[in-house]
Amino acid sequence: MKLATLNTGRDGELLVVSKDLTRAVRATGIVATMQQAIENWDSFAPKLEALYAQLNDGKAEGAFDLDQSKLHSPLPRSYHWADGSAYLNHVQLVRQARGAEMPDTFWTDPLMYQGGGDCFLAPTEDIEAVSEEHGIDFEGEIAVITDDVPMNVTPEQAAGHIKLVMLVNDVSLRGLIPGELAKGFGFFQAKPASSFSPICVTPDELGDAWQEGKVHLPLTVHFNGEKFGEPEAGPDMIFSFPQLVAHAAKTRYLGAGAIVGSGTVSNPDPDGGPGKPVTDGGVGYSCLAEIRMVEKILFDEIKTSFMRFGDRVRIEMFDRDGNNIFGTIDQQVVKYQPKA
């Protein structure tokens, strides 16, 4: 099934969304919010699935035309947001950009940081930034939402706790990252609020595109109206979502509504190079940092700037028949203005 959150108040209202994303119905007769649904998933999921079937059959009472601009991120806030870095091509390029080697352990032990989950951006909400000098970047990713995950689960056990899948724009301030990491304590200011796709789906909605805990479809990114990247999300994901969830739960419980991200979707060039832009026959990129590093490698000159005020990014995923699965993240960067 497909679910969303209407942007009404801090936690919004849970919606059930039709398969083609054109219609929706409030789920408040069953459960009020996404967080409440995920906390009692076994109880509420069958009722939500029945409503989903009614909606797709045109029989759901109170159904209405869906306006995605009225939606928040599926979870407007989360008790736990942990983002991995499962695409090591991205890790290698970005570390190379700041002159850091990639240790061999990265192939066996996932990278992960804990982000701020108190207030996510809506999928069409402006990205407010204090300064262009901070190196504003987008990062197209995939994420999962779990129910309650016990401590020290195996990846096989973790797979059963993955309930929903969605897309992410993990906004990064690249200019602040080196200084923060140099302190030896990880990201904080360099990782402002993320946004998530307006629709989240149960893994079964992905059909055979969901295999081995990975989404085997391309992630489509447009930057200022031009196609910027369409990397495949499956083949180069070194750590699956069950592995990432198990890693996050190695020494702690994950509460229901925990979000675990994949990291930036990234493909190396099949010929062994660092990857190619879509304008050069490649699959392109899901963030600006990668193309900047590729430019440095190929031309010894960085030609692409980070995001400026007024720039816009769009992130989507389509099935093999061209149907939009998760709706559209569509955001513009604006200068932060203090509220009166």
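**Aromatics, cysteines and a helix**

Guide: F138, F223, F228 and Y285 make up one aromatic cluster. Keep in mind that this is a predicted model.

Visitor: How many aromatic pairs does the structure hold?
Guide: There are 9 aromatic pairs. Take F138 and F223: their ring centres are 5.5 Å apart and the planes sit at 45 degrees, so that pair is tilted.

Visitor: And where do F138 and F223 lie?
Guide: F138 is in the loop between β9 (136-137) and β10, while F223 is in strand β17 (residues 219-223), so the pair ties together parts that are 85 residues apart in sequence.

Visitor: Are F138 and F223 buried or exposed?
Guide: Both F138 and F223 are buried.

Visitor: What about F223 and F228, what kind of aromatic pair do they form?
Guide: F223 and F228 pair edge-to-face, with 6.0 Å from centre to centre and 70 degrees between the planes. F228 is buried, as is F223.

Visitor: OK, switching to charges. Which ring does the charged end of K191 sit over?
Guide: That would be the ring of F187, with the charged end of K191 at 5.1 Å from the ring centre.

Visitor: And what does R292 lie over?
Guide: R292 lies over the face of F306, 3.9 Å from the ring centre.

Visitor: Cysteines next. How many disulfides does the count come to?
Guide: The count is 0 disulfides.

Visitor: Is C200 buried or exposed, then?
Guide: C200 is buried, with a relative accessible area of 0%. C287 also counts as buried, because its relative accessibility is 0%.

Visitor: Now helices. How many residues of α6 are buried?
Guide: In helix α6 (residues 241-248), 6 of the 8 residues are buried, so the helix is mostly covered.

Visitor: Which ones are the buried residues of α6?
Guide: They are F241, P242, L244, V245, A246 and A248.

Visitor: What do the buried residues of α6 pack against?
Guide: Quite a list: the strands β7 (112-115), β10 (140-146), β11 (162-169), β15 (210-211) and β19 (259-261), plus helix α4 (155-159).

Note on methods
Residues are numbered from 1 along each chain as its sequence is written. This is a predicted model: local features need pLDDT of at least 70, side-chain atom pairs count only at pLDDT 80 or more; totals for chains, interfaces and linings use all residues. Side-chain values use heavy atoms; hydrogens and water are left out. A disulfide is a pair of cysteine sulfur atoms within 2.5 Å. Buried means under 20% relative accessible area, exposed over 50%, partly exposed in between (1.4 Å probe, protein chains only). Helices (H or I, at least four residues) and strands (E, at least two) are DSSP runs, numbered from the N terminus. Contact means heavy atoms within 4.5 Å. Rings of Phe, Tyr and Trp (its six-membered ring) pair if their centres lie within 6.5 Å; planes under 30 degrees apart count as stacked, over 60 as edge-to-face and the rest as tilted. A charge sits over a ring if NZ of Lys or CZ of Arg is within 6 Å of the ring centre and within 35 degrees of the ring normal.
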